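Open the model in your viewer and have the selection tool ready. We will go stop by stop.

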Amino acid sequence: MTTPPIKAGTTFTYNFPINHSGTYWYHSHTMLQEQSGVFGSIVIQPKEKALDYDKELVLMLSDWTNEKPKDVMRTLKRGSEWYEIKKGTSTPLNQVIGRGALGAQIDFWRQRMEGADIADIYYSAFLINGKQLAEYPNFKPGEKVRLRIINGSASTQFWMTFGGESPLLISADGLDVTPVKRNKTFIAIAETYDFIVTIPQSGKLEFRAMAQDGSGTTFAYLGKGETLPAPIVEKPDKIAMMQEMARMKMKMGAHALKFQPKKDERFEMKEEYGMEMDGMEMDHSKMDHSKMEMPKDSMKMDHSKMDHSKMNMKNEPMQMEGMGMNSEYTYDYLKSPEKTSYSQDTPVTEILLNLTGNMNRYIWSMNGVPLSETDNIKIKGNEVTRITLNNLTMMHHPMHLHGHFFRVINKNGEYSPLKHTVNVPPMEEVTIEFYGDAYGDWFFHCHVLYHMMGGMARVFSYETPRDPRMEQYPVSKIMNEANHFYTWGTADVASHMAELNLTSSNLRNQFNVMAEYGWNQNLEAEVTYERYLHDYLRIFGGVNVENETEDSLDEIETTAIAGIRYLTPYLFNLDVRIDNKLRPQIGLEREIMIFPRTLAFGMIEYQADFGLVDDLPTGINYGDELTWNAGLEYFLSKNFSLMASYDNRFGAGGGLSIRF
Ligand SMILES: [Cu+2]
């Protein structure tokens, strides 16, 4: 946030001193341009080559969608199931029941979660240097090649594997690490890893990068001849993940949009949500290793790493190994060749950032507050800032800080590696720290592009004067990018009725238009404005139009309505309202993916009339009206579904559902 955006057709020259070498990349930070391919690699050669290799090759990983990135964001905001269906990673109820995971599913629903989640977007292709399959046949047998691998994806993290003997990992995020032989390696978005591979005497070496959710793989081949295949990483099993999380009694559903964004509730949030530390004594003096034989399903701690003599919590925050499920995501294999710790007398400021998200509305935030509702976080110069990143979501978040390298505290203690991006696995905690020596305002954000645009970002400010060129670009402008309105709609055309729904929504505000018309001459239309008080609760007001007498349009009644809408545990949409004739109404709505591509939906509404405003017919002192419907929807494509339903006003029928 130190230089202005480059306007179309203009040129901007960046001048910066080269004070370190390594593998880096650049990309646009304007809206969703990065998804469209506005990125590239930067390689800075070392002054003196210290490592032994003959040639080098950049491998830039990326993800490609044929959709406009803005439509991708809109699809995520509306909560469509389509990407999961298209990727083959949806977990409909029949599969959940078939696997004996109904209990876990109900536990998820209770916490307003649909299920485990790894990646949200369907991609047409995953690419290496722009190709699904990149061939480099000109390397000669025996040559040592330094692969400079960059993950320039918008929202895809990869598992990398190599054919032949395990390669030598020599560098991460541009900086050298203590070389280590390593094959299967996870690369988060924005990370870079350098490996030295040796071209085999006969055959070509395969490099595989599989999207983390197993929805696709991209390949590179080095050399000529028969393929030396890379190990195949198993696809993750989302139902098993859900069962595991339910077994570990994780508390999910921390707010992504708090009731009072200005109120500091970070510590309460950390306490209330996340892993349940059942019976775990965190007072180290009381920690008795002999008693730490925990049941297999509970937390797995790596005892070898718990060296009490080194447990000076103040200077070297302890990193817990966390749950078994995420054990393959630690950075323990990264060790800096030199000490990275700071002198003991440097003052330390601690910051807690809970990573929070709401899949239903696709809002991402920190401490329950999206970027647009925060102030800058002040960073002190010449001091250490230590940040605890506590992930309270089901997803991985590759967190990136501009302008700094930070220490990622791991088992290597004083030799913990320096990085610019750190992946924080679901429900895990990672500590990073950096010394304040860069001045200006710096963006800190999740590098999943759609999470960043959903609000999972902050501005770190040294509160030094801004560059005068930035005058037209106040920080608030960037901060509001996460608060844009997205608009979507559906239209049903069926044998018994027609229906139109329109929604326009930003973080706190939503406008809805709904119109239903039954060919048997029944209609209902409604326009409402809603205000989100927090993730699950909104207040609304508007106008409702309905025909008075059944099967006749002779009398149309228009009423003003006001009420609350609430997403209940188990994912029911509750609507409680009253109209200007003082008639209360309660409604409940739910949809469930029951088979692949097949959604079941149902709605029930009950309105009571005590005759408080209009007189009831003589002899009656209480009137009521029950409305309900139920049906099925079968997804044909992103925009079309077949639907069939029964509605007690319109009767039964079927037709086409269009999403736009
Ligand atoms: Cu994220």
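**Stop 1: a hairpin**

Select Leu168 and look across to strand 9, where Lys181 stands opposite. You are looking at a predicted model: local features need pLDDT of at least 70, side-chain atom pairs count only at pLDDT 80 or more, and totals for chains, interfaces and linings use all residues. Residues are numbered from 1 along each chain as its sequence is written.

Now select residues 168-172, strand 8, and residues 175-181, strand 9. They pair in the antiparallel sense over 4 bridges. Strands here are DSSP runs (E, at least two residues), numbered from the N terminus. Two strands pair if DSSP finds at least two bridges between them. This hairpin has 2 residues between its strands. Click Asp173: its phi is positive, near 50 degrees.

**Stop 2**

Which strands form the open sheet, and in what order? The order is 17-25-24-19-22, with mixed pairing. Strand 17 (377-378) and strand 22 (421-424) are at the edges. Each has a single partner strand, so one side of each lacks a neighbour in the sheet.

Next, select strand 24 (residues 441-446) and strand 25 (residues 457-461). They run antiparallel, joined by 5 bridges. Find Phe444; its bridge partner in strand 25 is Arg458.

**Stop 3: the domains**

Zoom out and colour domain 1 (19-247), domain 2 (253-277 + 292-317 + 330-482) and domain 3 (486-659). These bounds come from an automatic or database domain assignment. The C-alpha centres of domain 2 and domain 3 lie 42 Å apart. Their contact takes 10 residues from domain 2 and 6 residues from domain 3. Contact means that C-beta atoms, placed from the backbone, lie within 7 Å.

Notes. Two residues are in contact if their C-beta atoms, placed from the backbone, lie within 7 Å.
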